[in-house]
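Student: I would like to learn how to read a protein model. Could you walk me through this one?

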Amino acid sequence: MAQPSPSSHRTQAVVGELPEDFLRVGSSGGNLSQVDQDALLAQQLAAGDSFVNHAQPNCGGRLRFTVVQAKLVKNYGLTKMDLYCRIRVGHHVLETATAYAGGKTPAWNKTLHCLVAPGVDSVYLELFDESAFASDTRIAWGHFQIPEGVFSGRTVDEWYPLSGKSGDGTEGTINIVLSYANAPPVQQFMPFPMVQQMPVSPSQQMVMVPQGGVAQPVFLNGVAYYPAAGVPNVGYAPAQQQQQQQHRQAQPSPVTIRNEDVLQLKEVFPNMDEEVIRSVLEANRGDKEAALNTLLSLSQDS
(Lines give C-alpha, C1' and ligand atoms only; values in the text may rest on other atoms or scores of the structure.)
Protein backbone atom coordinates (compact mmCIF):
# COMPACT_ATOMS: atom_id res chain seq x y z
CA MET A 1 0.00 0.00 0.00
CA ALA A 2 1.42 3.35 -1.03
CA GLN A 3 2.31 5.76 1.77
CA PRO A 4 0.78 9.26 1.46
CA SER A 5 3.26 11.95 0.60
CA PRO A 6 3.73 15.00 2.88
CA SER A 7 2.22 17.26 0.21
CA SER A 8 -1.02 15.24 0.23
CA HIS A 9 -1.58 16.07 3.93
CA ARG A 10 -1.59 19.80 3.15
CA THR A 11 -4.42 19.37 0.67
CA GLN A 12 -6.69 17.62 3.17
CA ALA A 13 -9.26 19.54 5.20
CA VAL A 14 -11.26 18.65 8.32
CA VAL A 15 -15.00 19.12 7.87
CA GLY A 16 -17.31 19.51 10.87
CA GLU A 17 -17.93 21.65 13.95
CA LEU A 18 -15.01 22.41 16.19
CA PRO A 19 -15.36 22.04 19.97
CA GLU A 20 -16.19 25.16 21.95
CA ASP A 21 -12.82 25.14 23.75
CA PHE A 22 -10.80 24.85 20.51
CA LEU A 23 -7.60 26.94 20.73
CA ARG A 24 -8.60 28.34 24.12
CA VAL A 25 -5.85 28.64 26.66
CA GLY A 26 -6.53 27.08 30.03
CA SER A 27 -9.76 25.33 29.01
CA SER A 28 -10.85 22.62 31.37
CA GLY A 29 -12.65 20.63 28.68
CA GLY A 30 -15.59 20.06 30.97
CA ASN A 31 -13.91 17.10 32.65
CA LEU A 32 -13.96 18.53 36.18
CA SER A 33 -16.99 18.07 38.38
CA GLN A 34 -18.31 20.90 40.52
CA VAL A 35 -16.74 19.35 43.63
CA ASP A 36 -13.34 19.19 41.90
CA GLN A 37 -13.69 22.79 40.73
CA ASP A 38 -14.49 23.94 44.29
CA ALA A 39 -11.53 21.99 45.63
CA LEU A 40 -9.22 23.46 42.97
CA LEU A 41 -10.39 26.98 43.78
CA ALA A 42 -9.84 26.38 47.48
CA GLN A 43 -6.31 25.18 46.77
CA GLN A 44 -5.66 28.32 44.76
CA LEU A 45 -6.88 30.42 47.67
CA ALA A 46 -4.67 28.48 50.08
CA ALA A 47 -1.69 29.06 47.78
CA GLY A 48 -2.40 32.79 47.69
CA ASP A 49 -3.31 32.98 44.02
CA SER A 50 -3.41 36.69 43.15
CA PHE A 51 -5.82 36.17 40.27
CA VAL A 52 -8.69 34.91 42.47
CA ASN A 53 -11.40 37.45 43.13
CA HIS A 54 -13.17 37.21 46.47
CA ALA A 55 -16.28 39.05 45.23
CA GLN A 56 -18.02 39.12 41.91
CA PRO A 57 -17.73 42.39 39.94
CA ASN A 58 -21.54 42.56 39.41
CA CYS A 59 -22.36 41.93 43.08
CA GLY A 60 -24.27 44.69 44.85
CA GLY A 61 -23.77 43.51 48.42
CA ARG A 62 -24.41 40.83 50.99
CA LEU A 63 -27.91 40.29 52.37
CA ARG A 64 -28.19 38.75 55.81
CA PHE A 65 -31.53 37.51 57.06
CA THR A 66 -32.46 35.55 60.15
CA VAL A 67 -35.53 33.31 59.90
CA VAL A 68 -36.77 33.45 63.50
CA GLN A 69 -40.16 31.73 63.70
CA ALA A 70 -43.60 31.38 62.12
CA LYS A 71 -47.16 31.29 63.39
CA LEU A 72 -49.67 29.33 61.32
CA VAL A 73 -53.43 29.09 61.72
CA LYS A 74 -53.71 25.34 61.23
CA ASN A 75 -51.73 22.12 61.66
CA TYR A 76 -52.19 19.84 58.64
CA GLY A 77 -51.95 16.15 59.52
CA LEU A 78 -52.48 13.85 62.47
CA THR A 79 -49.17 14.75 64.10
CA LYS A 80 -47.33 18.01 64.52
CA MET A 81 -45.76 19.23 61.30
CA ASP A 82 -41.98 19.18 60.74
CA LEU A 83 -41.53 22.43 58.90
CA TYR A 84 -38.52 23.95 57.16
CA CYS A 85 -38.28 27.20 55.22
CA ARG A 86 -36.96 27.54 51.67
CA ILE A 87 -36.01 31.05 50.55
CA ARG A 88 -35.20 32.36 47.08
CA VAL A 89 -33.41 35.68 46.59
CA GLY A 90 -32.57 36.33 42.97
CA HIS A 91 -30.83 33.17 41.76
CA HIS A 92 -30.00 31.95 45.28
CA VAL A 93 -32.07 29.23 46.96
CA LEU A 94 -31.38 28.61 50.65
CA GLU A 95 -33.03 26.46 53.30
CA THR A 96 -33.23 26.36 57.06
CA ALA A 97 -33.01 23.26 59.19
CA THR A 98 -36.19 21.34 59.98
CA ALA A 99 -38.10 22.33 63.10
CA TYR A 100 -39.25 18.87 64.15
CA ALA A 101 -42.63 18.75 65.89
CA GLY A 102 -42.90 22.50 65.51
CA GLY A 103 -46.52 22.27 64.44
CA LYS A 104 -48.19 25.66 64.01
CA THR A 105 -45.35 27.53 65.76
CA PRO A 106 -42.04 26.36 64.27
CA ALA A 107 -38.89 28.16 65.43
CA TRP A 108 -35.62 28.12 63.48
CA ASN A 109 -33.49 31.12 64.54
CA LYS A 110 -31.39 30.44 61.45
CA THR A 111 -29.16 33.13 59.93
CA LEU A 112 -28.55 32.92 56.17
CA HIS A 113 -26.34 34.97 53.87
CA CYS A 114 -26.28 35.54 50.13
CA LEU A 115 -24.79 37.98 47.64
CA VAL A 116 -27.41 39.98 45.77
CA ALA A 117 -26.99 41.68 42.42
CA PRO A 118 -28.16 45.24 41.82
CA GLY A 119 -31.91 45.34 41.18
CA VAL A 120 -32.83 42.37 43.42
CA ASP A 121 -35.34 43.79 45.90
CA SER A 122 -37.72 40.96 46.83
CA VAL A 123 -37.74 37.65 48.70
CA TYR A 124 -39.88 34.59 47.94
CA LEU A 125 -40.24 31.95 50.63
CA GLU A 126 -42.05 28.63 51.14
CA LEU A 127 -42.75 26.43 54.15
CA PHE A 128 -42.61 22.66 53.64
CA ASP A 129 -43.68 19.81 55.88
CA GLU A 130 -40.88 17.23 55.79
CA SER A 131 -41.93 13.64 55.15
CA ALA A 132 -39.79 10.54 55.47
CA PHE A 133 -41.86 8.29 53.18
CA ALA A 134 -43.33 10.72 50.62
CA SER A 135 -42.53 14.00 48.97
CA ASP A 136 -42.52 17.07 51.17
CA THR A 137 -45.78 19.03 51.27
CA ARG A 138 -45.86 22.75 50.72
CA ILE A 139 -47.88 24.30 53.55
CA ALA A 140 -47.48 28.06 53.06
CA TRP A 141 -45.69 30.61 50.91
CA GLY A 142 -45.08 34.31 50.77
CA HIS A 143 -43.49 37.08 48.76
CA PHE A 144 -42.39 40.47 50.08
CA GLN A 145 -40.31 43.46 49.05
CA ILE A 146 -37.07 44.14 50.88
CA PRO A 147 -37.57 47.40 52.82
CA GLU A 148 -35.61 50.36 51.47
CA GLY A 149 -34.14 50.99 54.89
CA VAL A 150 -32.29 47.68 54.73
CA PHE A 151 -30.15 48.90 51.81
CA SER A 152 -29.41 52.08 53.80
CA GLY A 153 -27.81 50.09 56.61
CA ARG A 154 -30.75 49.62 58.98
CA THR A 155 -31.69 46.26 60.52
CA VAL A 156 -35.38 45.53 59.98
CA ASP A 157 -37.31 43.06 62.17
CA GLU A 158 -40.75 42.39 60.63
CA TRP A 159 -43.59 39.84 60.48
CA TYR A 160 -44.65 38.99 56.91
CA PRO A 161 -47.98 37.37 55.90
CA LEU A 162 -48.16 33.85 54.46
CA SER A 163 -50.58 32.39 51.96
CA GLY A 164 -51.87 28.82 51.78
CA LYS A 165 -55.02 26.74 51.76
CA SER A 166 -56.72 29.26 54.04
CA GLY A 167 -56.29 32.01 51.43
CA ASP A 168 -53.92 34.77 50.35
CA GLY A 169 -52.17 36.28 53.35
CA THR A 170 -54.33 34.40 55.85
CA GLU A 171 -52.31 31.21 56.44
CA GLY A 172 -50.14 32.85 59.10
CA THR A 173 -47.09 35.08 59.53
CA ILE A 174 -43.33 34.62 59.63
CA ASN A 175 -40.74 36.67 61.51
CA ILE A 176 -37.60 37.64 59.56
CA VAL A 177 -34.74 40.00 60.51
CA LEU A 178 -33.02 41.65 57.51
CA SER A 179 -29.74 43.53 57.23
CA TYR A 180 -27.46 44.48 54.35
CA ALA A 181 -23.76 45.20 53.89
CA ASN A 182 -21.88 46.40 50.84
CA ALA A 183 -19.74 43.78 49.14
CA PRO A 184 -15.97 44.03 49.65
CA PRO A 185 -14.08 45.47 46.68
CA VAL A 186 -12.76 43.04 44.11
CA GLN A 187 -9.13 42.21 44.66
CA GLN A 188 -7.26 42.94 41.48
CA PHE A 189 -4.00 41.33 40.48
CA MET A 190 -1.08 43.19 42.02
CA PRO A 191 2.31 42.57 40.39
CA PHE A 192 5.13 41.55 42.64
CA PRO A 193 7.69 44.29 43.31
CA MET A 194 10.89 44.04 41.33
CA VAL A 195 14.06 43.93 43.40
CA GLN A 196 17.34 44.76 41.75
CA GLN A 197 20.34 43.11 43.31
CA MET A 198 23.74 44.70 43.30
CA PRO A 199 26.64 42.72 41.85
CA VAL A 200 28.46 41.45 44.92
CA SER A 201 30.57 38.44 45.60
CA PRO A 202 28.83 35.09 46.26
CA SER A 203 29.92 35.11 49.91
CA GLN A 204 28.52 38.57 50.67
CA GLN A 205 25.28 40.36 49.89
CA MET A 206 24.01 43.88 50.55
CA VAL A 207 21.67 44.18 53.55
CA MET A 208 19.49 47.30 53.99
CA VAL A 209 18.47 47.92 57.60
CA PRO A 210 15.71 50.52 58.20
CA GLN A 211 16.68 53.63 60.12
CA GLY A 212 15.19 54.58 63.46
CA GLY A 213 15.34 52.92 66.83
CA VAL A 214 18.43 51.08 68.00
CA ALA A 215 21.22 50.80 65.44
CA GLN A 216 21.75 47.24 64.26
CA PRO A 217 25.20 45.84 63.58
CA VAL A 218 26.43 44.98 60.10
CA PHE A 219 28.48 41.81 59.80
CA LEU A 220 31.46 41.54 57.47
CA ASN A 221 33.36 38.26 57.48
CA GLY A 222 32.02 37.48 60.95
CA VAL A 223 32.95 40.90 62.42
CA ALA A 224 30.18 43.23 63.67
CA TYR A 225 30.30 46.89 62.60
CA TYR A 226 28.05 49.57 64.07
CA PRO A 227 27.16 52.58 61.89
CA ALA A 228 27.91 56.10 63.02
CA ALA A 229 25.11 58.48 64.00
CA GLY A 230 23.22 59.85 60.99
CA VAL A 231 24.72 57.31 58.60
CA PRO A 232 22.30 54.81 56.96
CA ASN A 233 22.80 51.32 58.28
CA VAL A 234 24.00 49.71 55.06
CA GLY A 235 26.60 47.00 54.94
CA TYR A 236 27.49 43.50 53.87
CA ALA A 237 26.48 40.30 55.60
CA PRO A 238 27.24 36.68 54.85
CA ALA A 239 24.78 35.19 52.35
CA GLN A 240 23.94 32.27 54.63
CA GLN A 241 22.92 34.58 57.49
CA GLN A 242 20.73 36.66 55.17
CA GLN A 243 19.03 33.54 53.79
CA GLN A 244 18.26 32.38 57.33
CA GLN A 245 16.71 35.77 58.14
CA GLN A 246 14.61 35.69 54.96
CA HIS A 247 13.50 32.14 55.75
CA ARG A 248 12.36 33.14 59.25
CA GLN A 249 10.50 36.17 57.87
CA ALA A 250 8.85 34.16 55.08
CA GLN A 251 7.39 31.60 57.47
CA PRO A 252 4.06 32.88 58.83
CA SER A 253 2.97 31.92 62.29
CA PRO A 254 0.86 28.74 62.27
CA VAL A 255 -2.90 29.19 62.50
CA THR A 256 -5.07 26.68 64.37
CA ILE A 257 -8.45 26.11 62.70
CA ARG A 258 -11.08 25.20 65.24
CA ASN A 259 -13.63 22.53 64.44
CA GLU A 260 -16.34 24.84 65.81
CA ASP A 261 -15.57 27.39 63.08
CA VAL A 262 -15.69 24.69 60.40
CA LEU A 263 -19.03 23.34 61.68
CA GLN A 264 -20.47 26.85 61.95
CA LEU A 265 -19.63 27.59 58.31
CA LYS A 266 -20.85 24.10 57.38
CA GLU A 267 -24.30 25.05 58.67
CA VAL A 268 -24.32 28.09 56.36
CA PHE A 269 -23.05 26.04 53.39
CA PRO A 270 -24.41 22.51 53.89
CA ASN A 271 -23.47 21.44 50.33
CA MET A 272 -19.83 22.50 50.72
CA ASP A 273 -17.23 19.89 51.66
CA GLU A 274 -15.65 20.32 55.09
CA GLU A 275 -12.13 20.05 53.67
CA VAL A 276 -12.89 22.91 51.28
CA ILE A 277 -14.20 25.03 54.17
CA ARG A 278 -11.10 24.21 56.23
CA SER A 279 -8.81 25.13 53.31
CA VAL A 280 -10.58 28.47 52.88
CA LEU A 281 -10.24 29.18 56.63
CA GLU A 282 -6.53 28.37 56.44
CA ALA A 283 -6.13 30.64 53.42
CA ASN A 284 -7.79 33.48 55.36
CA ARG A 285 -5.76 32.65 58.51
CA GLY A 286 -8.83 31.80 60.58
CA ASP A 287 -10.79 34.97 59.72
CA LYS A 288 -14.39 33.71 59.56
CA GLU A 289 -15.71 36.93 58.01
CA ALA A 290 -13.22 36.76 55.13
CA ALA A 291 -13.80 33.00 54.76
CA LEU A 292 -17.55 33.61 54.64
CA ASN A 293 -17.15 36.07 51.74
CA THR A 294 -14.92 33.57 49.90
CA LEU A 295 -17.38 30.70 50.36
CA LEU A 296 -20.24 32.92 49.21
CA SER A 297 -18.30 33.60 46.01
CA LEU A 298 -17.73 29.86 45.55
CA SER A 299 -21.41 29.07 46.07
CA GLN A 300 -22.41 31.84 43.63
CA ASP A 301 -20.07 30.45 40.97
CA SER A 302 -21.63 27.00 41.41
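Tutor: Let us go from the overall make-up to single residues. Keep in mind that this is a predicted model.

Student: How many helices and strands does the secondary structure of the protein come to?

Tutor: There are seven helices and twelve strands. Of the 302 residues in the protein, 31% are buried. The accessible surface comes to about 20000 Å², and carbon and sulfur atoms account for 53% of that surface.

Student: How do I read a sheet, and in what order do the strands of the open sheet come?

Tutor: Here is the general idea: strands of a sheet pair through backbone hydrogen bonds, in either a parallel or an antiparallel way. In this model, eight strands form an open sheet with antiparallel pairing, and the order is β3-β2-β5-β6-β7-β8-β1-β4. β3 (92-95) and β4 (107-116) each have a single partner strand because they stand at the edges, so one side of each is left without a neighbour in the sheet. From one strand to the next, the twist averages 25°.

Student: Over how many bridges do β7 and β8 pair?

Tutor: They pair over eight bridges, in the antiparallel sense. A hairpin of two residues joins β7 to β8, and G164 has G167 in β8 as its bridge partner. Now look at the pairing of β6 (residues 137-145) with β7 (residues 156-164): that one is also antiparallel, over two bridges. There, A140 has G164 in β7 as its bridge partner, while W141 stands opposite S163 in β7.

Student: What should I look for inside, and which residues have the most contacts in the largest nonpolar core?

Tutor: The general idea is that in soluble globular proteins, nonpolar side chains tend to be buried together. The largest nonpolar core here has 32 residues, and those with the most contacts inside it are L63, F65, I87, W108, L127, I174 and L178. At least two core residues come from each of β1 (61-72), β2 (83-89), β4, β5 (122-129), β6, β7 and β8 (167-182). β1 gives the largest share, five residues.

Student: Which residues does L63 touch?

Tutor: Leaving aside residues up to four places away in sequence, its contacts include V89, L112, C114, V116, I146, V150 and L178.

Student: Which residues of helix α5 are buried?

Tutor: In α5 (residues 259-268), the buried residues are D261, V262, L265 and V268. These residues lie on the same side of α5 because they cover an arc of only 115° around the axis. On the other side of the helix, E260 and E267 are exposed.

Student: What about the backbone: where does A101 lie, and what is its phi?

Tutor: A101 is in the loop between β3 and β4. Its phi is positive, about 60°, although A101 is not a glycine. With a relative accessible area of 48%, A101 is partly exposed.

Student: And is N109 buried or exposed?

Tutor: N109 is exposed, with a relative accessible area of 54%. This residue is in strand β4, and its phi is near 50°, a positive value in a residue other than glycine.

Student: What share of the contacts join residues at least 24 apart in sequence?

Tutor: Among contacts between residues at least 6 apart in sequence, the share is 59%.

Conventions. Residues are numbered from 1 along each chain as its sequence is written. This is a predicted model: local features need pLDDT of at least 70, side-chain atom pairs count only at pLDDT 80 or more; totals for chains, interfaces and linings use all residues. Side-chain values use heavy atoms; hydrogens and water are left out. Two strands pair if DSSP finds at least two bridges between them. Helices (H or I, at least four residues) and strands (E, at least two) are DSSP runs, numbered from the N terminus. Axes are lines fitted to C-alpha atoms, for helices over the stretch in contact, and angles run from 0 to 180 degrees between N-to-C directions. A nonpolar core is a set of buried Ala, Val, Leu, Ile, Met, Phe, Trp, Tyr and Cys residues joined through side-chain atoms within 4.5 Å. Buried means under 20% relative accessible area, exposed over 50%, partly exposed in between (1.4 Å probe, protein chains only). Contact means heavy atoms within 4.5 Å. The arc is that of the directions from the helix axis to the C-beta atoms. Accessible areas come from the Shrake-Rupley method with a 1.4 Å probe; for residues, only the protein chains shown count as cover.
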